[in-house]
Amino acid sequence: MVEAMGMLFAAESPDLPTVNDFLPPEILFQGTPFALNRIILIRIVATIILLIVLGITASRAKLIPGRWQSIVETGIDFVRESVVYQVMGETRGKRYVPMISTLFFTIFVFNLCGIIPGMNMAANATVVMPLVFAVWVLIQYWVTAVREKGLWGFVRDECFPKGVPWPVYILLAPIQLCELILIRPASLTIRLFANMVSGHLLVATALAFAQYWVIDATNKLAGIPIGALWFVFGFVLTLFEAFVAFLQAYVFAILSTVYISMSYPED
Amino acid sequence: MDIITLAQVSGSLSVIGYGIATLGPGLGLGILFGKAMESTARQPEVSGKIQMIMFIGLALVEVLGLLGFVAALVVA
Amino acid sequence: MTLAEGGIDLFLPHTYDIVWSLIILVIVALFFYKFFMPKFNAILDERAAKIEGNIAKAEAAKAEADAAKEKYEAQLSTARVEASKIRDDARAEASHIIADARSRAESDAAQITANAQRSIESQHQQALVSLKGEVGVLATALAGKILGSKLENDDVQSSMIDKMIDDMAGSDKK
């Protein structure tokens, strides 16, 4: 993306984004476990912004909310009412509200980095950050299951459901166990990560073509209208990415809640 | 082009693969949203619940399409 | 297109990536768990309490207004009762006064009638007496003239007069 935008010299073909955008070189502390690359730097900056903005909002929070405070409160309310309480009810959901709020706000802000000029790369765009979130959810629903049903009770309920003829268990049990341990966190991770990757690739491709046609193409007569169309397309895609940023945060939060609530015995 | 080669594909096969992989999720999304709309029209009072369930289904369908995308990236 | 190049590397985590992700997750989670959510929960609880307090206050005000209204209505009804009582009293008094006046007038009228009757009676009596005297004299003179003789004897004279008068009275009574 940056390369695509920064390239002002004539080129043979549009400077399309590649997956190497997601594998930037280490720029600080090379070779140590604390090495920094571009995406991690974006992630740290996003975290600091998130902490400062929400921290100031919280410390200045008043009984009668101002405009910004009511926006933040709408977000909190949304997570609590439309996600957690809607899925698992108030009595069970109360203890998970901070966790789901953390996931929702962090993922949303990290996703938004993908369309902020200058960053242009979602902070979730390495596989590890979504994976860490997903593993947190995995641990949380296993812990909940062990507390509510006991380890064996949970595995029995999920892998050997009642009312199924026993030969089916041979097929069902491994699949369900795989689902519990592997597929749930993997699908959470892949959904978030792949959305960010594809979003970045789409926007960057559209803008790269816009730049190629407007600036680099030799035939200006055809180049400028086509480039303008590509630019409009890129602009619309950017807006779409903003929507996706929200949608993915919402989906991640609601699926985490659903997985946790599936650890409770049915009432 | 050789005489023995009847058809030749150039470029990345994984792109075609991804194109095929979107078909299933595309149909799924269509059915999902259509049914959600229908149920909301029938019972507007539970639209919140329907919407929530719809988004869960959307997430499950979406991951299929994204698996195609990921497979295209990984197995090149 | 170089999509294929290094595609699998996307899914191979680096150690430093894991380290930073964990650090960031822990920081963000601590922030949310220890500061952000409690703070906003406190604010929201306080607001809910305040709203409830306001509702209670409004209810108290409403109760007060209800009580005032009730009191006012009670006063109004007592006033109404009093007014009707006063009106009744006045009406009664008025009829009383009218009756009084009528009875007084009637008694006056009776008295006046009686007085008039009495004076008529007395005048009648007087007239009778004076008539009696005059008629006697007149009759005597008339009789003297008729008889041509003078009734010297007073006794005869008076008995004659009496007899005449009695006859007159007798014819009068018939």
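First, a term for the next entry: I call two residues in contact when heavy atoms lie within 4.5 Å. With that in hand I looked up Thr102(A), and leaving out residues up to four places away in sequence, Thr102(A) touches Trp136(A), Val28(C), Ala29(C), Phe32(C) and Tyr33(C).

Ground rules before I go on. This is a predicted model, where local features need pLDDT of at least 70 and side-chain atom pairs count only at pLDDT 80 or more, while totals for chains, interfaces and linings use all residues. Residues are numbered from 1 along each chain as its sequence is written, chains are lettered from A and ligands numbered from 1 in the order in which they are written, and side-chain values use heavy atoms, with hydrogens and water left out.

**Thr102(A), continued**

Where does Thr102(A) lie? I find Thr102(A) in helix α4 (residues 97-112) of chain A. Helices here are DSSP runs of H or I with at least four residues, strands are runs of E with at least two, and both are numbered from the N terminus. Is Thr102(A) buried or exposed? Thr102(A) has 0% relative accessibility, so I log it as buried. My scale: buried is under 20% relative accessible area, exposed is over 50%, and partly exposed is in between, with a 1.4 Å probe and protein chains only.

**The nonpolar core**

I looked for nonpolar cores, meaning sets of buried Ala, Val, Leu, Ile, Met, Phe, Trp, Tyr and Cys residues joined through side-chain atoms within 4.5 Å. The largest has 100 residues. Those with the most contacts inside this core are Leu54(A), Val84(A), Ile100(A), Leu103(A), Phe252(A), Phe32(C) and Phe36(C).

**Chain C**

I count two helices and zero strands in chain C. Chain C has 174 residues, and 14% of them count as buried. The chain exposes about 13400 Å², with carbon and sulfur atoms supplying 61% of that area. Areas come from the Shrake-Rupley method with a 1.4 Å probe; for residues, only the protein chains shown count as cover.

I checked UniProt too, and its unreviewed entry puts a "transmembrane region" at residues 18-37 of chain C. In the model that span is 100% helix and 0% strand, with its end C-alpha atoms 26 Å apart.

**Chain B spans**

The unreviewed UniProt entry lists residues 15-33 and 53-75 of chain B as "transmembrane region". Residues 15-33 of chain B are 95% helix and 0% strand, and the end C-alpha atoms lie 26 Å apart. For residues 53-75 of chain B I get 96% helix, 0% strand and 33 Å between the end C-alpha atoms.

UniProt (again an unreviewed entry) also places "domain: V-ATPase proteolipid subunit C-like" at residues 16-74 of chain B. Its end C-alpha atoms are 14 Å apart, and the span is 92% helix and 0% strand.

**Salt bridges**

My cut-off: a side-chain nitrogen of Lys or Arg within 4 Å of a carboxyl oxygen of Asp or Glu. How many salt bridges are there over all chains? The search of the whole structure gives 14.

- Lys149(A) pairs with Asp157(A) at 3.3 Å, N to O. Lys149(A) is partly exposed at 22%, and Asp157(A) is partly exposed at 33%.
- Arg42(B) bridges to Glu38(B) at 3.5 Å between the closest N and O atoms. Both sit in helix α2 (residues 23-42) of chain B, four residues apart, about one turn of the helix. Arg42(B) is exposed at 64%, while Glu38(B) is partly exposed at 36%.
- Arg91(C) bridges to Asp88(C), with the closest N and O atoms 3.9 Å apart. Both lie in helix α1 (residues 15-147) of chain C, three residues apart. I have Arg91(C) as exposed at 54% and Asp88(C) as partly exposed at 44%.
- Asp77(A), Arg80(A) and Glu81(A) are linked in a network of salt bridges.

How values were computed: UniProt positions renumbered as here; feature names shortened; annotations may be inferred.
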